[in-house]
Amino acid sequence: MRPTIAEINLSNLKYNYKNIRKKNSNVGVIAVVKADAYGHGAIQVAKTLNETDTPPEYLGVAFDNEAIELINNGIKNQIILFEPLSEFNIKNVLRYKLIPTLFTQQHLELLKKYSRKKIKIQIDVDTGMGRLGVPREDAFDFILKAANQKNIIIDGIYTHFSTSDEKNKNYANEQLSRFISLIEKLKMNGINFGKAHAANSGAILDMPESYFDLIRPGVSLYGNYPSTETSESIKLKPVMKIVSAVSTIRWFEAGDYVSYGRRFQVKKRTQIVSVPMGYADGYSRGLTNKARAIIKNKFYPQVGTVTMDRIMFDVGEDKIKLGDKVVLLGKEKRKEISNFEWCEILKTIPYEITCNISKRVPRVYVR
Ligand SMILES: Cc1ncc(COP(=O)(O)O)c(C=O)c1O
């Protein structure tokens with residue numbers, strides 16, 4: 001077996017979860033574990049959160065198959081699907097008692113057609129995200145209609161922020177006040193809408209007035225701030241670390257090239273080591289000639305095009321042996337290659353980095 005692993009630190013996961021809870025202990029949590037818990041392993045993540053004194057009230061996933069995987073592995077929390085109800089998922093929604101998201105007339109009709117029994121639903125309100133949800137102008141009427149439909153229990157209503165991870169919170173606050181107006185109108189009219197929720201990680205960090213009854217942390221659970229613009233009002237520790245080992249060492253002469261496309265030329269006689277991880281594992285080709293690794297407490301530059309299964313590092317004349325530990329992402333003693341370091345190179349967000357670590361990289365759970 002090759003030595004490349006994604007080490008998932010479950011103590012750090014618990015640390016993050018507890019700190020998120022501590023920030024406002026009066027509200028419940030929908031732990032967002034979609035996309036295999038952003039690449040960390042949804043089953044292990046859910047089990048670990050359930051070991052705490054205050055397990056999440058709900059888990060949030062995008063799709064029904066993600067929920068079924070959790071249920072088949074003994075996870076008992078209520079599960080909310082962010083994906084809208086459809087002909088594709090309704091049978092599983094009913095069979096597995098998932099809580100679907102509804103926001104159109106067709107969704108209401110689907111439920112009439114398929115279910116005589118009462119089922120819990122969530123309603124997504126688009127206050128400005130511009131993706132899913134009932135447009136805010138139609139939200140009151142839609143919720144009223146849903147509340148009057150016999151087979152429906154409205155378990156909650158929610159909205160999603162598009163810019164809560166930005167420094168400038170004007171637009172997020174605008175979305176928030178639209179959501180608050182709706183809630184006030186529903187209350188004034190005595191319409192039961194269950195629990196309200198809005199806050200993703202950016203809002204959990206910086207917009208306590210958006211907490212309502214539940215919060216929906218995703219990226220922060222896994223120890224990453226959603227962007228470099230939010231505050232760090234909650235202490236977080238990264239949960240994923242990518243580790244491998246030196247698998248080949250060879251001296252290269254000045255003028256020699258390394259890897260596809262001759263994108264790196266050796267300037268002075270040096271040792272080039274190779275490490276068994278590549279773009280098929282989620283070590284993006286965009287990191288070519290820009291990333292670095294930690295070997296024996298020292299940084300070394302990645303050189304030559306990142307290939308499907310292998311990457312190379314220039315270790316100079318240092319004494320490096322076959323099998324020496326290589327940290328590609330994460331912290332080792334005082335040195336760290338942070339998720340944001342990759343984000344900066346790849347012009348992306350921390351979410352994409354961990355989601356992209358492919359299934360070929362075994363997750364090894366440590367406490
Ligand atoms: C509806 C919904 N709520 C909450 C989250 C969690 O967001 P974050 O990972 O920024 O905390 C997501 C993730 O994108 C989402 O789609």
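Okay, let's start with the ligand. The residues around it are Val32, Phe82, His160, Asn200, Ser201, Arg216, Pro217, Gly218, Val219, Ser220 and Pro226, where "around" asks for a C-beta atom, placed from the backbone, within 6 Å of the molecule. By class, that shell has five nonpolar, five polar and one charged residues. The classes go like this: Ala, Val, Leu, Ile, Met, Phe, Trp, Tyr, Cys and Pro are nonpolar, Asp, Glu, Lys and Arg are charged, and the others, Gly among them, are polar.

Quick caveat before I go on: this is a predicted model, so local features need pLDDT of at least 70 and side-chain atom pairs count only at pLDDT 80 or more, while totals for chains, interfaces and linings use all residues. Numbering runs from 1 along each chain as its sequence is written.

Now the whole chain. We have eleven helices and 21 strands; these are DSSP runs numbered from the N terminus, H or I of at least four residues for helices, E of at least two for strands. The C-alpha atoms fill a box of roughly 80 × 40 × 40 Å along the principal axes. Of the 367 residues, 42% count as buried, that is, with 20 or more other C-beta atoms within 10 Å of their own; 12 or fewer is exposed, in between is partly exposed, and the C-beta atoms are placed from the backbone.

On to domains. The assignment, which is automatic or from a database, gives domain 1 (10-215) and domain 2 (240-366). Their centres, taken over C-alpha atoms, are 38 Å apart. The contact takes seven residues from domain 1 and eight residues from domain 2, with contact meaning C-beta atoms, placed from the backbone, within 7 Å. On the domain 1 side, helix H2 (residues 34-39) gives the most, with three residues. That side has three nonpolar, four polar and no charged residues.

While we're on H2, have a look at Ala35, which is found in that helix. Its phi is near 50°, a positive value in a residue other than glycine. Ala35 has 17 other C-beta atoms within 10 Å, so it is partly exposed.

Lys97 is another one like that: phi near 55°, positive in a residue other than glycine. Lys97 sits in the loop between helix H5 (90-95) and E5.

Which strands does E6 pair with? Pairing here needs at least two DSSP bridges. Strand E5 (residues 99-102) runs parallel to E6, joined by two bridges, and Thr101 stands opposite Gln122 there. With strand E8 (residues 152-158), E6 pairs in the parallel sense over six bridges, and Lys120 is opposite Ile153. Strand E7 (residues 134-135) is also parallel to E6, over two bridges, with Val125 facing Val134. Six of the eight residues of E6 (residues 119-126) are buried, so the strand is largely enclosed by the rest of the structure. And E5, helix H6 (residues 105-114) and E6 make a right-handed β-α-β unit: with the strands pointing away from you, the path from the first strand over the helix to the second runs clockwise.

Last stop, Pro276, in the loop between strand E15 (270-275) and strand E16 (292-295). Is Pro276 buried or partly exposed? It has 17 C-beta neighbours inside 10 Å, so it counts as partly exposed. Leaving out residues up to four places away in sequence, Pro276 touches Arg2, Thr4, Ser244, Ser247, Asp309 and Arg310.

Methods
Two residues are in contact if their C-beta atoms, placed from the backbone, lie within 7 Å.
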